[in-house]
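Please consult the sequence and structure shown here.

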Amino acid sequence: MDRKLLRSRNIADINRVSARCLRVVIYFLLLFFAYLLILGEYDQWIISVTFGICIILALIPAALISIFKKESRRYTIHVMIICTVLITIVLITEFNSFAYPLLLFPLILASMYYNRTFVLYTALLTSAGILGSAVFQIKFPELTLVPAFKTFDSEFIQAVIPLIVIEITMAIIAFFIVDRNSLMIDKYIDTALTMQQNENYLIYAFSEISESKSKETGEHIKRVAEYMRVLGQASGFDPEYCDKLAAGAMMHDIGKLMIPEEILDKPSRLTDEEYQIMKNHVLYGEALLKDCPGEIMRIASTLAKEHHERWDGSGYLGMKGEEIAYIARMIAVCDVFDALTTSRSYKKGWSIDDAYAEIVKNSGKQFDPAVVRLFIANFDKIREIYKRIPEKEVS
């Protein structure tokens, strides 16, 4: 993860909040529209057109985010600001001084993005809209519910100029507030990146120790992590959670640190007693991780405990079906697939096609059928990871 990605996610979150604000605006407009209709003091046709335009403008960014899922796109911000400014201008054109407090709404919305350019951009758009609104009232008084101007005289100048000055003044204040907050956000992002990089390094180093003890390699860790990322994305998880899934997956076998080497390294079949000791590595892994803070460690603890569970209940702990955490059902497929395709000192790895056939064959028995369907649908990505991260030669 890098600064650009974090900023993109931050913008996406703010866009979603802004879309919710506009949905609230729609509810307000509908209530105000109903009130004016009941009041019956204004031209109903003009009222209907005015509120119809405002609601359509509010729906555009909401649809862009909620329906078309464009919350991460930079142009969504511009659409959001333009629509908000237009709504404000339409309302002050029709209701004049009654709607003046709404002139702050576009600035408040722009300030949420911690971007000075957007604040100035919004102020200029709004100022131009104020001037355009006044001209419209003079040119088309019959289309205005509460006209404030009739001619371009001193009254016009005395009313419009102060509004624009107030708008620019508020923009300058917002500019410095946003400038300060932007610096704080940058520091937060730098700190978050450093902490995440350190956490990932420690997770990988710790995981590699556990894998090397059982004669496996860091490539196994990397592949299983990337396979989990693919299935996480296919499951509809957001990118941030998929990153956490990949990091947590690296530690699924951490419990092997507690297993004696003579059992891990035994080239022949384990006795029943030895097999029982080996099975305990899932409980050791959970015990090592369950009290560690943070979502990644909670994910890792679940994966460490349940990655050997089977859909039909024949796994290490006897958990069955949906009793098993969904992410553990995912790693069961990833871990077995990689284990099958990997050569070890005591076995030869299967071909990728044979391993694929084995996963499909055990759908509904060893593996969750829904996860297997995702595995099948995304097998091209799985194959690409398999080729991109080849196994080191086993001595």
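Q: Is leucine 91 buried or exposed?
A: The model is predicted, so local features need pLDDT of at least 70, side-chain atom pairs count only at pLDDT 80 or more, and totals for chains, interfaces and linings use all residues. Residues are numbered from 1 along each chain as its sequence is written, and side-chain values use heavy atoms, with hydrogens and water left out. Buried means under 20% relative accessible area, exposed over 50% and partly exposed in between, with a 1.4 Å probe and protein chains only. Leucine 91 has a relative accessible area of 5%, and therefore counts as buried.

Q: How far apart in space are leucine 91 and cysteine 54, C-alpha to C-alpha?
A: Leaving aside neighbours within four places in sequence, leucine 91 is in contact (heavy atoms within 4.5 Å) with residues including Cys54. The two are 37 residues apart in sequence, and their C-alpha to C-alpha distance is 8.1 Å.

Q: Why is the pair of phenylalanine 51 and phenylalanine 95 classed as it is?
A: The structure holds 17 aromatic pairs. Rings of Phe, Tyr and Trp (its six-membered ring) pair if their centres lie within 6.5 Å; planes under 30 degrees apart count as stacked, over 60 as edge-to-face and the rest as tilted. The ring centres of phenylalanine 51 and phenylalanine 95 are 6.1 Å apart and their planes are at 55 degrees, so the pair is tilted.

Q: Is phenylalanine 375 buried or exposed?
A: Its ring and that of tyrosine 356 have centres 5.9 Å apart and planes at 25 degrees, so the pair is stacked. Tyrosine 356 is partly exposed at 24% relative accessibility. Phenylalanine 375, at 2%, counts as buried.
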